Protein chains: 2
Amino acid sequence: MMKNRTIFFQKPVCIAETATIAGPKEGEGPLRNYFHNILSNDILGQKSFERAEIKMHIYVIKNLLNRMRLTEDDIDCVFCGDLLDEIIGCNYTMREFDIPFMGLYNACATFGEALIIGSTMINAGYMKKVICSTTSHFSTAERQYRYPLELGSQRTPLSQWTVTGAGCSLLTADDTSRIKIVAGTLGRVVDYGVADANDMGAAMAPAAMDTIVAHFKDTGRNPDYYDLIVTGDLGHSGSRILQKLVKDKGYDLGDNYTDCGILIYNREGQDVMQGGSGACCCNLVFNSYIYSQLKRGKLKKVLFIPTGALVSKVSSLQGETIPAIAHAVDIEVL
Amino acid sequence: MMKNRTIFFQKPVCIAETATIAGPKEGEGPLRNYFHNILSNDILGQKSFERAEIKMHIYVIKNLLNRMRLTEDDIDCVFCGDLLDEIIGCNYTMREFDIPFMGLYNACATFGEALIIGSTMINAGYMKKVICSTTSHFSTAERQYRYPLELGSQRTPLSQWTVTGAGCSLLTADDTSRIKIVAGTLGRVVDYGVADANDMGAAMAPAAMDTIVAHFKDTGRNPDYYDLIVTGDLGHSGSRILQKLVKDKGYDLGDNYTDCGILIYNREGQDVMQGGSGACCCNLVFNSYIYSQLKRGKLKKVLFIPTGALVSKVSSLQGETIPAIAHAVDIEVL
C-alpha cells in the first residue's frame, strides 16, 4: 500500500546481514568497535583514490557474500551508487561481479533510495536476495567537488568531512533476521536557496524536514513512536536547523533524534568541523552501529533518513543554489 | 516472477502516453514527423546548455501532464536520469515539481532501468502512475565527456553524435492503452577492454549481446518472436559488432533488428559518423516513432534494449577501459 509519499511494505523486508569497511579516520572515531573492518591507510596500494574507493566497494560485497556463504548467482541484483561523476566507482565495482546492476543517484540519500527500491523488488515477488550499497572517500570527493588535495585548503567552519568507507546490506525475502524494513517515505527535491557548497547541512535540512513531516502525516505517528530518529549527514549545525524546521511544523523530534554525521566522529580532536558527510556516512553508521543495536534489541524502531545535496562542481561554479532530497526508511525489530 | 535475469510482470504495465522534444538536428532527421515538439535552437534562451537541457526536461514532463489532464499530485514518482555529472539536470528539473524523485544512472541505458523499476513499483501495487524520463544534449555531453565546444575538434570516424532531446513515458496501473511492458531483463556490467572514448558502439555491443542472449534463454524465445529488436545507441559499427557477437552465441537477430542511433539521423548529409548516442537517443526514438507504430498496430512485439557506456571524463583520463551495460524491455500490444 502507498499513502501519499509513504510505501508500506505488504510483508516487511528482512535485512539479513550487513558488511562495512571504514577508513582510518573513521576507525579512530567513537564507532570503531562496530565496524567490520578498518583500513590502516586510505589508498590501499592503488594508483588513485578512485581505485581505492572501488577496491573498498568490491571488498565489502565479497565480504558479505563470504560471511553469508552465498555466491554471485544467489544475488538477484545490486542497487548501488556513489558520489563520483557518472557513479564511476560503482561501474567498475560491478564489473567484478556477474550480478545484475541498477545504478542509483540521489547523492548522500542514495542508500535510502537503494533500500526502498530493493525492498520493492523483493515485495513484488521478483527478487529473493538483493544487495544495497554505497561508498564515499574523502580524497575523491574533496578533489571532485571542491579543491585539489594538494592545495591544502583551509576548511571553513560550516564544512563537513566526507566519510571514507563502503558498506552494504543484504535484503532477503526469507526471514533470517528479525530486523525488517517496514515502510519508506519518498523524498522530493527541496531548495531553500543555500548556495554555499561548504554548508551542506543547511542545504539538506529543509529536505529532511519535508520528508520527516510527510512520514509522520502519512503514518499518523509522532516522533515518540521511534526509539531513534537519525538523519544521514546534516552534521551539528544542519541538525539544529532541522529540529527547528520540524518544530515549526508542529512536531518535536525530541531526545531520540541524532544524525549519522554527528555519531561517526569525535567533534573534539578529529577536526571535522560540523561532522561527517558523504554517501557512505549514513550507510557506515547504519550497517555497523545501528544494525548491531537492532540485533541486540537495544533499538526496536528506527526512522532512518539519508539526506542528499544534489550539487555538482559545474552547478556550484555556475552559481546555482543547492537542491536537496531525503528518503525516510522505517526499520523495526519484528 | 523472475527467471534468472528476467522479470515477468504479473500484470503487464500500461504505457499510457509519451511526450518528446527533439533538438534542431534531430528535427531534420528521418523521424521529424514523429516528435511531439522540435526546437528551433538548442540553447532555448538560457545562459548555459545545461540550463537548456533542464528546460527541455521540465517542458516534456509538463507537456505530458497537460495532455493527460493530470496534476503533480496524480504522479507517485518520477524515475529519471541524464548524462551530466551527479545527474544535475534531473535534480534541477525535479526541483520544479512536487513529486517524489528517484534518480537513476546507468548512462544511456538509464531509460531501460527506469521502465523496469517504474513497472515494478506499479506491479507491486504501491504506485498508480509514474513518469520515466531521460535527457541528453549534444553541447553538454560533448564538453563534459570530450572536448570544449570552442575547440571545434574534428570528429573521428567511429564517433557518434549525442542526441539533443528529452522524452518521457507515463506508466499506469490502469489499462488506458493496449501498449504494455511485459518483461524486463536486467543488465550486468560487461567490459571487453575497449578504451577509446570515441568508439562507444564497440564498448557497448558486448553488454547488449550479454543481455539479449540472457533474454532469449530466460524466455525460451528466438529473435523471430519480435517484430522489432532495437538497441539503444550502438550506431552503425556497434550494431554490426552486436549482430556478429549474438550470432556467435547461436542466435540470428535477422532483418527485424536495428538501432535507435541508426534510426534517428540520416547518415548521409547529417555528418553524424556512426549515428546517434546519448541517454535520450533510445528514449526519443521509443517515445515518438516506436510508440506510434505500436499504437497504430504496425508493431506488436518489440524488444527494446537501451545500452550504456559507463565512462566518465576521469576514467578516460586515467586510462581505464569502458565497461558497459544494457537492459532489455519486452513491450507488446495486448
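Domain bounds here come from an automatic or database domain assignment. Residues are numbered from 1 along each chain as its sequence is written, and chains are lettered from A, with ligands numbered from 1, in the order in which they are written. This is a predicted model: local features need pLDDT of at least 70, side-chain atom pairs count only at pLDDT 80 or more, and totals for chains, interfaces and linings use all residues.

**View 1. The two domains of chain A.** Domain 1 of chain A covers 10-172 and domain 2 covers 181-333. Their centres, taken over C-alpha atoms, are 18 Å apart. Each domain of chain A gives 50 residues to the contact between them. Two residues are in contact if their C-beta atoms, placed from the backbone, lie within 7 Å. On the domain 1 side, strand 2 (6-22), helix 3, strand 6 (129-136), helix 4 (138-146), strand 7 (161-162) and strand 8 (165-172) of chain A each supply at least two residues. Helices (H or I, at least four residues) and strands (E, at least two) are DSSP runs, numbered from the N terminus. That side divides into 24 nonpolar, 20 polar and six charged residues. Ala, Val, Leu, Ile, Met, Phe, Trp, Tyr, Cys and Pro count as nonpolar, Asp, Glu, Lys and Arg as charged, and the others, Gly among them, as polar.

**View 2. Where chain A meets chain B.** The contact takes 47 residues from chain A and 47 residues from chain B. Helix 2 (88-95), strand 5 (101-103), helix 3 and helix 10 (313-317) of chain A each give two or more residues to the chain A side. The chain A side holds 26 nonpolar, ten polar and eleven charged residues. Of the interface residues of chain A, 100% are also interface residues in chain B, so the copies meet through the same surface.

**View 3. Helix 3 of chain A.** Helix 3 of chain A (residues 110-123) has 14 residues. From first C-alpha to last, helix 3 of chain A reaches 20 Å, close to the 20 Å expected at 1.5 Å a residue. The expected span is 1.5 Å times one less than the number of residues. In helix 3 of chain A, 14 of the 14 residues are buried, so the helix is largely enclosed by the rest of the structure. A residue is buried if 20 or more other C-beta atoms, placed from the backbone, lie within 10 Å of its own, exposed if 12 or fewer, and partly exposed in between. Gly125(A) follows helix 3 of chain A, with a positive phi near 90°.

**View 4. Ile305(A) and its surroundings.** Ile305(A) lies in strand 13 (residues 301-305) of chain A. Ile305(A) is buried, with 29 other C-beta atoms within 10 Å. Leaving aside neighbours within four places in sequence, its contacts include Gly112(A), Ala208(A), Val230(A) and Ala328(A). Asp259(A) is 46 residues from Ile305(A) in sequence, and 9.0 Å away in space, C-alpha to C-alpha.

**View 5. Helix 5 of chain B.** Helix 5 of chain B (residues 200-219) has 20 residues and reaches 28 Å from its first C-alpha to its last. Of these 20 residues, 16 are buried, so helix 5 of chain B is largely enclosed by the rest of the structure.
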